[in-house]
Amino acid sequence: MDFRTDRQRVQGLGSAKEGTGHWWSQRLTSIALIPLTLLFIFPFARALGGDFEAVRALYGNPFHAIVAILFIIATAIHLQQGLQVVIEDYVHSKAVLPAALIASAALCWALGLTGVFAVAKIAFAA
Amino acid sequence: MADVNRGARPLSPHLTIYRPQINSAMSIFHRITGVGLTLGFLLGVWWFLGLAGRPERFRIVDDFLTGWFGGLILILSMVALWYHFFNGIRHLINDAGYFLEREDVQNTSIAVLAGTGLMAVITLVVALTGG
């Protein structure tokens, strides 16, 4: 027997009133990643397996360094947003949900900032 | 009055008895490739971290990522990236309200698969002819 009123039963289970902002922000990172992916992927594919000095010279070039940094930042944000949506859809445990959201966000930020640091270190050393 | 059937109501869509369709398959693969690309991103960041270090360090990372195992993961990530790229563009176009009819969905889905295949081959050729 549930002694709570109908209102008590549903309170807090509705929309958090911020879904549109998240949705729109995800579209923005998607759009940003269209040119960034096209600019980033081919020099990166070419550089893989390359000679250390030659690859350092490539990412010592400001254009390629900036493209790489923008690509990494946009990817980290987009990945965090995407993982959040997937986790919210499939994880229903009230204990696991916040833990999964925090862990995935921490991973995305750590990867993104590590990547930016690495490219910046290469670019500034050139 | 409270709903007496709470929790026992059928949920839509009934995935277990649904006939697979190209639009649901494209949507599921969009999520799978998106989640899977976490690994590709991690490996890419690891490569840049190696490049930021000493040459010996870079050689270890780069040899792993161009070896059979690391290379296989990177090639799968690359195909997943192009799929997510083209299907993402398709979703953006759908968000804008275009190509939502059944034939349009099927045709644009096929275009996504064709684009993925084409760009995957081009990227592989660029990677193999590079350094």
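A salt bridge, in the sense used here, is a side-chain nitrogen of Lys or Arg within 4 Å of a carboxyl oxygen of Asp or Glu. Side chains of opposite charge can pair when their charged atoms come close. Let us start with one such pair: the side chains of R9(A) and D6(A) meet in a salt bridge, 3.9 Å from N to O.

Before going on, a word about what you are looking at. This is a predicted model, in which local features need pLDDT of at least 70 and side-chain atom pairs count only at pLDDT 80 or more, while totals for chains, interfaces and linings use all residues. Residues are numbered from 1 along each chain as its sequence is written, chains are lettered from A and ligands numbered from 1 in the order in which they are written, and side-chain values use heavy atoms, with hydrogens and water left out.

Back to our pair. Helices (H or I, at least four residues) and strands (E, at least two) are DSSP runs, numbered from the N terminus. R9(A) and D6(A) are separated by about one helical turn, because they stand three residues apart in helix α1 (residues 6-10) of chain A. To say how covered a residue is, we call it buried under 20% relative accessible area, exposed over 50% and partly exposed in between, using a 1.4 Å probe and protein chains only. R9(A), at 18% relative accessibility, counts as buried, whereas D6(A) is partly exposed with 38%.

How many salt bridges does the rule find over all chains? The count comes to six. One of them links R59(B) with D62(B), whose closest N and O atoms are 2.7 Å apart. These two residues are three residues apart in helix α2 of chain B, so about one helical turn separates them. R59(B) is partly exposed, with a relative accessible area of 29%, but D62(B) is buried, with 0%. Salt bridges that share partners join R59(B), D62(B) and D63(B) into one network.

Now look at where the chains meet. Contact means heavy atoms within 4.5 Å, and 46 residues of chain A are in contact with 40 residues of chain B. The size of an interface is often given as the accessible area lost when the parts come together. Buried area is just that: the accessible area (1.4 Å probe) that two parts lose on being put together, summed over both. Between chain A and chain B it is about 3,600 Å², of which carbon and sulfur atoms give 77%.

Across this interface the rule finds two salt bridges. The side chains of D95(B) and R27(A) meet in a salt bridge, with 2.7 Å from N to O. D95(B) lies in helix α3 of chain B and R27(A) in helix α2 of chain A, so the pair joins two chains. D95(B) counts as partly exposed at 38% relative accessibility, and R27(A) as buried at 16%. D89(A) forms a salt bridge with R31(B), and here the closest N and O atoms are 2.7 Å apart.

Next comes the interior. A nonpolar core is a set of buried Ala, Val, Leu, Ile, Met, Phe, Trp, Tyr and Cys residues joined through side-chain atoms within 4.5 Å. Of the 37 residues in the largest nonpolar core, F40(A), Y59(A), W47(B), F48(B) and L51(B) touch the most other members. Among the elements that give two or more residues to this core are α2 (19-47) of chain A and α1 (22-52) of chain B. The most comes from α4(A), with ten residues.

Leaving aside neighbours within four places in sequence, the contacts of W47(B) include F44(A), Y59(A), F58(B) and D62(B). A68(A) has its place in helix α4 of chain A and counts as buried, at 0% relative accessibility. Not counting residues up to four places away in sequence, A68(A) touches F40(A), Y59(A), V119(A) and F48(B).

What about N87(B), buried or exposed? N87(B), in helix α3 of chain B, counts as buried at 0% relative accessibility. Residues up to four places away aside, N87(B) touches M26(B), H30(B) and V112(B).

Finally, turn to the surface. L76(B) lies in helix α3 of chain B and counts as exposed, at 55% relative accessibility.
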